[in-house]
Amino acid sequence: METIPGLARSHPKISALLLGAISAFGFQPFHFWPLGLAAMAAFGWLAWQQAGWKRALLVGWLFGVAHFTATNNWIATAFTYQAEMPAALGWAAVPLLSLYLAIWPALATAAAWLIARGKGLFAFALAFGACWIAAEWLRSWVFTGYSWGPFSMMLLGPWDRPGLARLLPFAGSYALSGAVVAAAVGGATLAAARRWAALGASVLAVTALIYWPAGRGGTGDLALTLVQPNLKQEDIDDASKFEDQFQTIAGLSKPLKPGARRLVLWPESGVPDYLRDGYPQRYYIQMTAGGDPAFARARIGDVIGPGSLLLTGLVDLEIGTVGGRRKAIGAYNAVTSIDPDGKLGERYAKAHLVPYGEYLPLRALLEPLGLSRLVAGTIDFIPGPGPRTQDLGQYGMAGMQICYEIVFSGEVVDGGNRPDYIFNPSNDGWFGTWGPPQHLAQARMRAAEEGLPVLRSTTTGISAVIDARGVVREHIGRNVAGRIDTLVPPPQAPTWFARMGHWLTLIWGIVFLALSLVAMRFAGGYPTRNT
C-alpha cells in the first residue's frame, strides 16, 4: 500500500482535494479540530514539496475548493426556501462560490512557496502563516467580502470554555488563523524531523489551551429576557400564520417580575408587521394588527409591560414615487427599540448585506436570466451606514449587528462610541445543519476579540448569551421555542484588537514574515525539500 507521503507525491491534486475536504471537519458542528490541524499540516507539507510556484498555486486552489465547498454546504439549503429557482441549483452554487473563494488559499500557498523557495519546511510554515493572514483579511473585504469560516474558528473551546479565543484579544481572528496554520505546518516539520517528543508536547499544550476551564466570569446588573420563537423558515413569510407567530413570541416575552427593569430581545424577522407610519395603506393589509401600525406598536408595548424595553428585528420600507404612484423602492433590514408605550426608538439598518439573499447584484443583467434573491421579496435592501451604538439610557449602550454582519472581524463595533454589549438578532432558519453552530462560533470570536458580550436571539436557534471572553453562558438549541432569563454579562476593558483593529493584524503578519526570513538562515536539522 502506498504511504501518505507517497500518495501526495504521486497524486498531489487528488491529495489536495481530499485534505481540503477533511480540514472542514475541524469546524463546527463536528469540531474534530485534531483532524483539521492534521489535514492542514499534511497540506502544508504537500505544498512545500511542489516543484514550482504554479504547482503550489494549483494545489492551494484545489485545497480551497474542497475546503470551502464542504464548509459552506449550508448555503445550498437556502435554495429550498424560495420558489423562483430550482432547489438543486444550490448544490451547484456552493462549489461555484468555492471556485472563487479558493483563490485566496491558492495565492497564500504560492506566495509562501516563493518566499521560502528551496528552504526548510519550518521557514515555509512561518511564511505560510504570514500569507494566510493576508489572504483571510483580503477575503473579508474584496468584492464586499466573505469572511465566513476563518481557520482559527476550529480552535474555539467547548461552549463553556474559550479555547484559543483567549488569544483573540491580542491578535484578532485572521492573525490567529495565520498562527494556527503556521503551528499546524510546524507540526509537520517536527514529524518529518522525527522529533516526536516535541510534537507530543505541542499537541498536549494546544489541547490544554482548548479545554482549560474558563472560570465564572463577571456578573452584570441588567435583567435580560432573550426569546427564540422557533419560527420555521417556510412559515415566516406566510401571512396566514402571522398572528400565530406573534402570539408565540408574545407568550415567551411576558415579564417574570412586572414593572422591573428588563431588556427584551427578539430575533431578526421577529415582527411580521410594518411598524412605521406613512406607507401606502396597501402595505398594511396583511398585518396582524388590523392594518394599523399604531395598534401594532401599542400591543407590543403591552406584551413587554412596564419597566421593559424591547430590541427587535423588523423590516422598514423606503417609499418613492414611480409612474405617479407611491410604492416601496427599497427596504431596510433593521433593529429598533420599542418601549411599553409603543414608542419606536432609533433605527439601526444592516450595513453588510448578503449578496443574493438581501439584494441581487447586477439585477438588470441577472433578473432577465431567471435569477432572483434567495429570500422573499422583489425589492433590494438598502445598506445602513455601518456599526453604530445606541444609547438606551438605563438599558445600556447597545451595539447592533444583524445576522451575517457578526462574522466580519474588526467591523462590528463603533470604535468612537464603544457599547456595553452587542445585540446580534439573526434568522438562521435557512442556514441548514452546519450553518447555525458555525455562526455561533463566529459570534463567540467577535465577543472575545472586542471584549464585549454578544446577545444572540434567533428564529430557530442557536440563541445564546455570550460573555466578553467568548464563553456561552446560556443557550437555546435548534428548532425549539424558549426564552433565557438572565443578566447581561459585563464588558471588559477594550482589548488590543479593539484599540488597534487590523493594524494589529498587519503587525502579526509582519512578525511571521520576519520569523520566516530568520528561519531561512537557520534551517538546522529541519528537513529540506524532497526529504
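This is a predicted model: local features need pLDDT of at least 70, side-chain atom pairs count only at pLDDT 80 or more; totals for chains, interfaces and linings use all residues.
Two packed helices are described by the angle between their axes and the distance between the axes. Helix 3 spans residues 33–48, and helix 10 spans residues 173–192. They pack at an angle of about 70 degrees. Their axes lie 8 Å apart. Helix 3 is therefore roughly perpendicular to helix 10. The crossing of the two is right-handed. On the side of helix 3, the contact is made by Leu-37, Met-40, Ala-41 and Gly-44. Helix 10 contributes Val-180, Val-181, Ala-184, Val-185 and Ala-188. Eight residues of this contact are nonpolar, one is polar and none is charged.

Helix 3 has 16 residues. From its first C-alpha to its last, helix 3 reaches 22 Å, close to the 22 Å expected at 1.5 Å a residue. Helix 3 is mostly covered, with twelve of its 16 residues buried. Among them are Leu-37, Met-40, Ala-41 and Gly-44, the residues of helix 3 that meet helix 10. The buried set also includes Trp-33, Trp-45 and Trp-48. Gly-36, Ala-39, Phe-43, Leu-46 and Ala-47 are buried as well.

A cis peptide bond runs from Gln-28 to Pro-29. Its omega is near 10 degrees. Pro-29 lies in the loop between helix 2 (12–23) and helix 3.

Helix 8 brings Phe-122, Ala-123, Leu-126, Ala-127, Ala-130, Ile-133 and Trp-137 to the contact. From helix 17 come His-502, Thr-505, Trp-508, Gly-509, Phe-512, Leu-513, Leu-515, Ser-516, Ala-519 and Met-520. The contact of helix 8 with helix 17 holds 13 nonpolar residues, four polar ones and no charged ones. An α-helix has 3.6 residues a turn, so residues three or four places apart point the same way.

Ala-125 also lies in helix 8. Ala-125 counts as buried because its relative accessibility is 1%. Leaving aside neighbours within four places in sequence, Ala-125 is in contact with Ala-182, Val-185 and Gly-186. One of these, Val-185, belongs to helix 10 and takes part in the contact with helix 3. Ala-125 and Pro-29 are 96 residues apart along the chain. Their C-alpha atoms are separated by 28 Å.

Helix 15 covers residues 435–450 and has 16 residues. Its span from first C-alpha to last is 23 Å, close to the 22 Å expected at 1.5 Å a residue. Gly-451 follows helix 15. The phi of Gly-451 is positive, near 70 degrees.

Ser-269 has a positive phi of about 65 degrees. Ser-269 sits in the loop between strand 2 (262–265) and helix 13 (293–304). With a relative accessibility of 26%, Ser-269 counts as partly exposed. Asn-479 likewise has a positive phi of about 65 degrees. The loop that holds Asn-479 runs between strand 11 (472–476) and strand 12 (482–487). Asn-479 is partly exposed, at a relative accessible area of 38%.

Another cis peptide bond joins Gly-461 and Ile-462, with omega at about 15 degrees. Ile-462 is in the loop between strand 9 (454–456) and strand 10 (463–466).

Leu-392 is also a loop residue, placed between strand 6 (389–391) and strand 7 (397–400). Residues under 20% relative accessible area count as buried. Leu-392 is therefore buried, at 12%. Beyond its neighbours within four places in sequence, Leu-392 is in contact with Leu-309, Leu-311, Ser-337, Ala-398 and Tyr-421. Leu-392 and Ser-457 are 65 residues apart along the chain. Between their C-alpha atoms the separation is 18 Å.

Technical notes:
Residues are numbered from 1 along each chain as its sequence is written. Side-chain values use heavy atoms; hydrogens and water are left out. Axes are lines fitted to C-alpha atoms, for helices over the stretch in contact, and angles run from 0 to 180 degrees between N-to-C directions. Helices (H or I, at least four residues) and strands (E, at least two) are DSSP runs, numbered from the N terminus. Angles under 35 degrees count as roughly parallel, over 145 as roughly antiparallel, 65 to 115 as roughly perpendicular and the rest as oblique. A crossing is left-handed if the near helix is turned anticlockwise from the far one by less than a right angle, and right-handed if clockwise. Contact means heavy atoms within 4.5 Å. Ala, Val, Leu, Ile, Met, Phe, Trp, Tyr, Cys and Pro count as nonpolar, Asp, Glu, Lys and Arg as charged, and the others, Gly among them, as polar. The expected span of a helix is 1.5 Å times one less than its number of residues. Buried means under 20% relative accessible area, exposed over 50%, partly exposed in between (1.4 Å probe, protein chains only).
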